Amino acid sequence: MTRRITLTLSICLINLIATAQQLHFTVSMEQPANHYFHVELRCSAIKDTATDFKMPVWTPGYYQRMDYAKNVEHFTVKNAAGDTIPWHMSAGNTWHISHQKQAAFTISYDVKTVRLFVGTPYIDEERAFIRPAGVFIHPAGRINLPATVQIKPYTGWNNVATGLDSVPGRSFTYTASNFDVLYDSPFLIGNLEELPAFTVRGISHRFIGYELGDFDRQAFMNDLKKIITTATDLIGDIPYKHYTFLSISPRGMGGIEQLNSTAISFSGESQNDTASRIRALNFLAHEYFHHYNVKRIRPIELGPFDYDNGSRTNQLWVSEGLSVYYEYLIVKRAGLSTEEDLLNAFTGNIKAFEKGIGKRYQSLQQASYETWSDGPFGRKDDKENKTISYYDKGPVVGMLFDFTIRQKTNNKKSLDDVMRTLYKEYYQKKQRGFTEEELRQVITKIAGDPLTELFDYVYTTKELDYTKYLGYAGLSMDTSTYKITRLPNPTSLQKKIVSSWLGE
Ligand SMILES: [Zn+2]
């Protein structure tokens, strides 16, 4: 894929040239059927006489230990004369290399790939997917160094798609201003299809994938544009220069978010019937909204990342739970689903949460923190599942917060104001994440009330009072089916709340 050459690209290049220490990766894939990438890293002018090179043990967005380094084989280091340089592993993800000061040397290794999944690198005869945390190593303590990456696609493959900016005049060569950016920028390689791109607020949005299936491409991209327009209107700002959906496989619905891209599994065939179409649009809205909620509106623990140990936070219920909440609302407000679809989605989450015994044992905060040991959807191997999923309780509690803020402010404020304030105050002004206390302060200020009981729903296993909180929006829930419907004879405030919530 070619990219527009912008002024910013040239600035990046100048920065790179001006930097003494240089790191240039080449990734080749000569035998895709063997499922291996070959990586070469040319280093020059590296300070000191020994360097630890590290591979992350996880990738941000997927809160599980992946131990990517265990798939690295045939690690060798050579100096400029071609002589082998000694190295040893000083930790499970660390290669200690002794070298001459300011010397140039080349590290090469193979990465064995085992699983077609958005959280792992993968290659077969059909396409290659580079999950960067599982392919690229970095000099320890120097995450801020820039790097370039040249991709050498397998013979006959014509396309490389990534959120990184390309280096003009060099084929399939990309630049990352530091390793956080590189680890945040997956690559999809193969003979790919690009759907008709669109712009929102003058910014280009692309959808590139492999084996997308039989569906109405233009209608789908029109829907996606409505989703992105609705999401960006909600926050009021687009912080990236371009955005790319990378669809790696038609099977499954996994997704991992990045700052200006998302890697997903997606089949266009989902667009051919109403229920699966809405599920898929919700999923895409979720992954897209994450570029705000978690990448920029983020818990303080989620950046800078601890690539060696993982970054634990009590607030994934915000990052994940509220992204589920907003996926439903964005698709509804974009005019792509009905009120019934929206309420049914909440019924699904309430049912999943209320029917499990985990609700008596684990709070939302605990589910957030313990996901590293419990797994992405809670523990599955207990005799009785004493965990909950923040993907279920998170959006439900989000809805209760939203209705309460609207009720306390005569519908002048909502959870949308909370998201906008977090974006402005912490991402734009302070350029950092927020603490639990700061989130409480923002909500308290906007609601004009500390909303103590709602925070109890986050920090304890207190039973949720659906009657009271759904009532604020003129809604009620049937306690046997969990079905949510409108109350007869709503007050004018209830009517106002529900219709502005729905985006009517
Ligand atoms: Zn998510």
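Residues are numbered from 1 along each chain as its sequence is written. Local features need pLDDT of at least 70, side-chain atom pairs count only at pLDDT 80 or more, totals for chains, interfaces and linings use all residues, and side-chain values use heavy atoms, with hydrogens and water left out.

**Confidence.** The average pLDDT (the predictor's confidence in each residue, from 0 to 100) is 94. A score of at least 70 is reached by 96% of the residues. Residues 1–19 stay under 50. Where pLDDT is low, the predicted coordinates should not be read in detail.

**Domains.** An automatic or database domain assignment sets the bounds. Domain 1 spans 7–189, domain 2 spans 192–291 and domain 3 spans 296–504. The C-alpha centres of domains 1 and 3 lie 38 Å apart. Still, 13 residues of domain 1 are in contact (heavy atoms within 4.5 Å) with 15 residues of domain 3.

**Zinc site.** Which residues hold the zinc ion as protein donors? They are His-286 (NE2), His-290 (NE2) and Glu-320 (OE), at 2.0 to 2.1 Å. Donors are N, O and S atoms within 2.8 Å of the metal (3.2 Å for Na, K and Ca); water is not among the atoms, so sites may look incomplete. The donor spacing along the chain is H-x3-H-x29-E. UniProt, in an unreviewed entry, places "domain: Peptidase M61 catalytic" at residues 281–397. Such annotations may be inferred rather than shown by experiment. That span is 54% helix and 0% strand. Helices (H or I, at least four residues) and strands (E, at least two) are DSSP runs, numbered from the N terminus.

**Sheet.** Four strands form an open antiparallel sheet, ordered β5-β6-β3-β10. Strands pair if DSSP finds at least two bridges between them. β5 (87–91) and β10 (138–139) are edge strands because each has a single partner. Strands β3 (residues 50–54) and β6 (residues 94–98) share 5 bridges. Asp-52 sits opposite His-96 in β6.

Most residues other than glycine have a negative phi, and most peptide bonds are trans. Gly-303 and Pro-304 are joined by a cis bond, with omega about -10°. Pro-304 lies in the loop between α4 (274–289) and α5 (316–333). Tyr-482 has a positive phi of about 65°, and Asn-489 one near 50°. Buried means under 20% relative accessible area, exposed over 50%, partly exposed in between (1.4 Å probe, protein chains only).

| Residue | Relative accessible area | Class |
|---|---|---|
| His-286 | 6% | buried |
| His-290 | 0% | buried |
| Tyr-482 | 13% | buried |
| Asn-489 | 73% | exposed |
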